[in-house]
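Thank you all for coming; I would like to take a few minutes to walk through one model, going from the whole chain down to a single residue. Please have a look at it first.

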Amino acid sequence: MNKSVYKAALRLYPIVIIFITLFGIFGYFALPILGELLNKNPVEDILLIILVVIISSSTNTYTAAVSPLYGQQNRWLRANLVSIILLIPLMLGFFVYKYIGVEEVVFVFTLIAFTSIVQTIIRLNFLNKSL
């Protein structure tokens, strides 16, 4: 495949991060206002939620865009196995959080952020090696 495609995929990541972060910042300020308008109590730890949403949304947007490159016909099995393996911490986390002694929401958000970051790093690494 043409190397310029991989370069373009790598250049896409900062663009995705910038736009998702801008929407996250907008959400950080808009949610309390919407909560007041709708007579609802906004979530107490909205910053944590916004950060995890930025990380996971960036990962989902970016991985969806580069999935045809990452899961090419000659490596679709390996790409899917890596994705499945990365879901294991999420599944195990639901059973383990009781024994760790942290708040459930913080633990689950940390697992989501960790899994998202690792998925992105793997794809960026693959694209970088393909140059």
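What share of the contacts in the protein with a separation of 6 or more comes from residues 24 or more positions apart? In this predicted model, such residues account for 77% of those contacts. The secondary structure behind that figure comes to four helices and zero strands, and because the radius of gyration is 18 Å, well over the 14 Å that the globule rule gives for 131 residues, the protein is more spread out than a compact globule. Along the principal axes, the C-alpha trace spans about 55 × 35 × 20 Å, and buried residues make up 31% of the 131 residues.

Let me turn to helix 2, which covers residues 46-70 and reaches 33 Å from its first C-alpha to its last, close to the 36 Å expected for its 25 residues. There is a kink of about 40° in helix 2 at Ala 64, shortly before the proline Pro 68. The buried residues of helix 2, among them Ile 50, Ile 54, Tyr 62 and Val 66, pack against helix 1, helix 3 and helix 4.

The side chain of Gln 72 makes a polar contact, at 2.7 Å, with the side chain of Tyr 6, and, leaving aside neighbours within four places in sequence, Gln 72 is in contact with Tyr 6 and Phe 126.

Terms used
Residues numbered from 1 in each chain as written. Predicted model: local features only at pLDDT ≥ 70, side-chain atom pairs only at ≥ 80, totals over all residues. Heavy atoms only, no water. Helix = DSSP H or I, 4+ residues; strand = E, 2+ residues; numbered from the N terminus. Expected span 1.5 Å × (residues − 1). Bend = angle between axes of the 7 residues up to and from the residue. Buried < 20%, exposed > 50% of the residue type's maximum accessible area, 1.4 Å probe, protein only. Contact = heavy atoms within 4.5 Å. Polar contact = N/O pair within 3.5 Å; in protein donor to acceptor, adjacent residues only side chain to side chain. Rg over C-alpha atoms; globule rule 2.2 N^0.38 Å.
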